[in-house]
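This briefing goes through one protein structure for a reader who is new to it. The sequence and the structure come next, followed by notes grouped by topic.

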Amino acid sequence: MASNYDRLDAGQRAIVDSAVETYARVRPALKDVTNDVLHTLRRMFKDAGEIDPLFITGRTKTVESFKEKISRLDRPAEPGGQPTLKFPDPFRILNDMVGVRVITRLPRENAMAANLIKRQRDIFDCRGDREKAIGSIESGTYGYSSRHLILRTLQNDAVKAYQGVFNPELPANGSYFFECQIRTIFAHAWSEIEHDIRFKSSDPRAWSPQFDRQFTATAAMLEVVEKEFAELHERYEKVRSFWDENGEGAKPLTPDRVRDIWQTLLPHVDRKVDDDWGWAAELVAAHGLTETWQLVEILDAERITEVRKALDHRYSPGPDRLLDDLLLWRYGREHIELTAEAADAPVHPRRDSLQRRLKQIERYRLT
């Protein structure tokens with residue numbers, strides 16, 4: 001299959017050949033610009049300490065890729081007319097001869113990274129900021145999410161050196177436009193594979209509509225995976241805050257707080273319509289447990305597993321019953337005396353139940 005260059009007429013080829021010759025001559029200096037921008041961005045993120053990207057990479061467009069891109073044609077302006085070069089003046093029009101990518105872990109980090117870069121107004125001037133997924137979201141279709149910034153360097157010495165090579169007769173101002181893409185590791189993997197197959201296939205004839213369907217399907221799955229990881233990270237940060245005895249972990253154990261902690265740590269157990277969170281708060285308060293971190297300590301996953309084995313529940317217990325068992329496991333007879341009826345009460349069903357369950361726990365511990 002013919003390349004873009006093969007479709008050009010003689011006049012168009014002369015324009016492209018001249019630009020390619022110039023690009024081949026200045027590309028080594030442009031690689032220095034790429035390296036300088038990469039070094040600046042890496043230092044910027046390290047010094048700021050606000051976000052730690054997985055990695056920051058970049059590339060200077062190859063001569064072959066440059067030639068193929070500037071050989072693209074636009075459709076004729078009028079019916080029957082001749083197609084024209086899409087990039088007749090590539091050194092003025094193209095922003096992707098130097099391209100860098102900031103690869104993050106989670107979607108929310110894309111905005112954090114973009115905002116950090118845009119704040120460095122003494123280094124870069126942001127001339128464009130586009131979220132690539134916006135169009136697909138608003139049209140109800142799927143595509144990968146990527147933040148695209150068009151940045152202009154300011155008084156950059158590497159750029160001045162490149163400009164001196166490009167045209168020594170013009171004053172070098174250190175100003176150069178380049179593209180910065182910010183995306184998650186998942187979107188990065190998707191886009192790399194998609195780009196290789198759709199745009200840089202070694203044989204353009206090797207194409208099937210099924211590829212489009214599969215790319216759409218994988219983009220949809222990618223969105224779900226990113227959301228799951230984002231929610232997982234939010235849950236992790238919330239659970240971690242529960243252990244902060246000087247912050248979130250010090251919040252008092254009201255019934256609503258007990259419910260929120262339980263639903264965060266053990267959402268799979270929260271399935272009873274009549275859960276009594278007020279009673280749960282009274283149970284922990286009976287042992288002097290009044291702060292968030294103290295309840296979190298009780299709700300240890302390994303302890304829950306041991307309690308389940310020891311008591312061999314006939315029915316899966318709800319949160320309030322399971323919490324009662326966990327406190328019994330930890331405090332033993334003290335829990336009975338603090339929360340059950342008096343020993344000489346006319347009837348004492350709770351005391352009887354707790355004593356029976358404690359005997360089961362003690363037998364289990366002996367095995």
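Gln155 is exposed, with a relative accessible area of 57%; exposed means over 50%, buried under 20%, and partly exposed in between, with a 1.4 Å probe and protein chains only. The model is a predicted one, in which local features need pLDDT of at least 70 and side-chain atom pairs count only at pLDDT 80 or more, while totals for chains, interfaces and linings use all residues. Residues are numbered from 1 along each chain as its sequence is written, and side-chain values use heavy atoms, with hydrogens and water left out.

**Residues with positive phi**

- Gln155 lies in the loop between S6 and H6; helices (H or I, at least four residues) and strands (E, at least two) are DSSP runs, numbered from the N terminus.
- The phi of Gln155 is near 50 degrees, which is a positive value in a residue other than glycine.
- Asp312 also has a positive phi without being glycine, with a value near 45 degrees.
- The loop that holds Asp312 runs between helix H12 (301-311) and helix H13 (319-331).
- Asp312 counts as exposed, at 59% relative accessibility.
- As background, most residues other than glycine have a negative phi.

**Overall form**

- The protein has 15 helices and seven strands.
- Its radius of gyration is 32 Å, well over the 21 Å that the globule rule gives for 367 residues, so the protein is more spread out than a compact globule.
- The radius is taken over C-alpha atoms, and the globule rule is 2.2 Å times the number of residues to the power 0.38.
- The C-alpha trace spans about 105 × 45 × 40 Å along its principal axes.
- Of the 367 residues, 39% count as buried.
- Among contacts between residues at least 6 apart in sequence, 70% join residues at least 24 apart; a contact means heavy atoms within 4.5 Å.

**Surface and charge**

**Nonpolar cores**

- The largest nonpolar core has 40 residues, and those with the most contacts inside it are Val33, Ile117, Tyr176, Phe178 and Cys180.
- Such a core is a set of buried Ala, Val, Leu, Ile, Met, Phe, Trp, Tyr and Cys residues joined through side-chain atoms within 4.5 Å.
- Among the elements that give two or more residues to this core are helix H1 (10-48), strand S4 (98-104), helix H4 (107-118) and strand S7 (177-184).
- H1 gives the most to this core, with 13 residues.
- Beyond its neighbours within four places in sequence, Tyr176 is in contact with residues including Leu30, Val33, Met97, Leu151 and Tyr162.
- A second, separate core has 33 residues, among them Trp262, Ile304, Leu328 and Tyr331.

**Val102 in strand S4**

- Val102 is found in strand S4 and counts as buried, at 0% relative accessibility.
- Not counting residues up to four places away in sequence, Val102 touches residues including Phe45, Phe55, Ile117, Cys180 and Ile182.

- Ala281 lies in helix H10 (residues 277-285) and is buried, with a relative accessible area of 8%.
- Leaving out residues up to four places away in sequence, Ala281 touches Leu253, Thr254, Pro255 and Val258.
- The C-alpha atoms of Ala281 and Arg257, 24 residues apart along the chain, lie 8.8 Å from each other.
- Asp260 is in helix H9 (residues 255-265) and is partly exposed, at 27% relative accessible area.

**Arg92 in helix H3**

- Arg92 has its place in helix H3 (residues 90-93) and is exposed, with a relative accessible area of 62%.
- A separation of 24 Å divides the C-alpha atoms of Arg92 and Asp6, which are 86 residues apart along the chain.
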